[in-house]
Amino acid sequence: MTGSLFPRDRDRAELGTGAVHVPGWLDFDAQRGIVEACRQWAIGPVPMRAAVLPGGHPMSVQTVCLGWHWQPYKYTRTADDVGGGRVAEVPDWLITLGRRALAEAYGAPGQPGYAPELWKPEDYTPDTALINYYAHGAHMGMHQDKDEKSSAPVVSLSIGDTCIFRFGNTSTRTKPYTDIELGSGDLFVFGGPSRFAYHGVPKTLPGTADPDCGLAQGRINITLRMTGMS
Ligand code: MD3
Ligand code: FE
């Protein structure tokens with residue numbers, strides 16, 4: 001028998017300078033631990049919610065924040081659209097995981113191929129994490145992440161159902177773009193000239209996650225960010 005219901009061994013790929021996809025980076029133990037942490041963060045101190053866009057429509061994706069609270073389109077210390085409390089801090093283990101992610105994507109001092117011009121792992125201290133939950137049918141339109149005052153890379157971790165991720169260009173929300181699948185355990189780092197590219201999630205593919213990931217339904221995406229705020 002070859003192949004499996006839940007394929008894991010796809011190849012690493014660079015979609016653009018500074019945009020590095022590492023499939024299956026997190027093992028199942030790590031995925032389950034992160035899912036459990038997300039379950040707690042989703043409860044509080046500030047509960048997960050669908051953020052409301054300026055036109056008045058709630059997003060189909062639900063989000064809970066760590067560090068700084070995000071709502072379209074700003075970061076604030078208090079969650080003024082969700083009761084006004086302070087969100088939980090970014091735990092040290094998640095900051096460490098972010099540094100390991102950068103080392104994986106861009107290399108580290110002493111390694112062949114190290115790309116310090118993209119960002120140095122030791123200089124990566126994400127002060128914010130956004131945890132997005134995609135129930136069946138949720139999606140995210142093409143957008144740029146430009147509410148941060150820092151151009152530090154964004155580290156993205158996916159757990160649960162596979163999604164179609166659309167990676168575009170820096171000047172328009174339309175073509176040219178590349179569609180790829182992001183599966184459970186995948187790492188994606190967006191830095192350098194890719195940091196302000198348009199991107200989105202047209203759809204998720206229900207039932208595609210290996211149950212060993214710890215999430216029975218839907219998709220979680222965690223993005224680590226440096227806001228450049230103080
Ligand atoms: C490319 N989240 O939270 S993660 C977001 O899967 C967001 O939930 C998507 O877009 C998700 O803003 C995509 C991948 C991602 C994150 C940040 C980026 C891609 C990016 C920043 C610049 C370019
Ligand atoms: Fe984004």
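Which residues are the closest to ligand 1? They are Asn 132, Tyr 134, Arg 195, His 199 and Arg 219, out of 18 residues that surround the ligand. A residue counts here if one of its heavy atoms lies within 4 Å of the ligand.

This is a predicted model, where local features need pLDDT of at least 70 and side-chain atom pairs count only at pLDDT 80 or more, while totals for linings use all residues. Residues are numbered from 1 along each chain as its sequence is written, and side-chain values use heavy atoms, without hydrogens and water.

Now look at the contacts. Each is a polar contact, a pair of N or O atoms within 3.5 Å. Arg 219 has a side-chain N or O atom 2.9 Å from an oxygen atom of ligand 1. For Asp 145 the distance from a polar side-chain atom to a ligand oxygen is 3.0 Å. For His 143 it is 3.1 Å.

Next, the strands (DSSP runs of E, at least two residues). β13 gives the largest share of the shell around ligand 1, four residues. By class, the shell has seven nonpolar, seven polar and four charged residues. Gly counts as polar, Tyr as nonpolar, and Asp, Glu, Lys and Arg as charged.

Where does the ligand sit? The space that ligand 1 takes is the largest pocket. A molecule sits in a pocket if more than half of its atoms lie within 2 Å of the pocket's grid points.

Note on methods: Chains are lettered from A and ligands numbered from 1 in the order in which they are written. A polar contact is a pair of N or O atoms within 3.5 Å; within protein, one must be able to donate a hydrogen and the other to accept it, and residues adjacent in sequence count only if both atoms are side-chain atoms. On a 1 Å grid over the protein atoms alone, a cavity is a set of points where a 1.4 Å probe fits but cannot get out, and a pocket is an open set with protein on both sides within 12 Å along at least five of seven lines; lining residues have an atom within 4 Å of a point.
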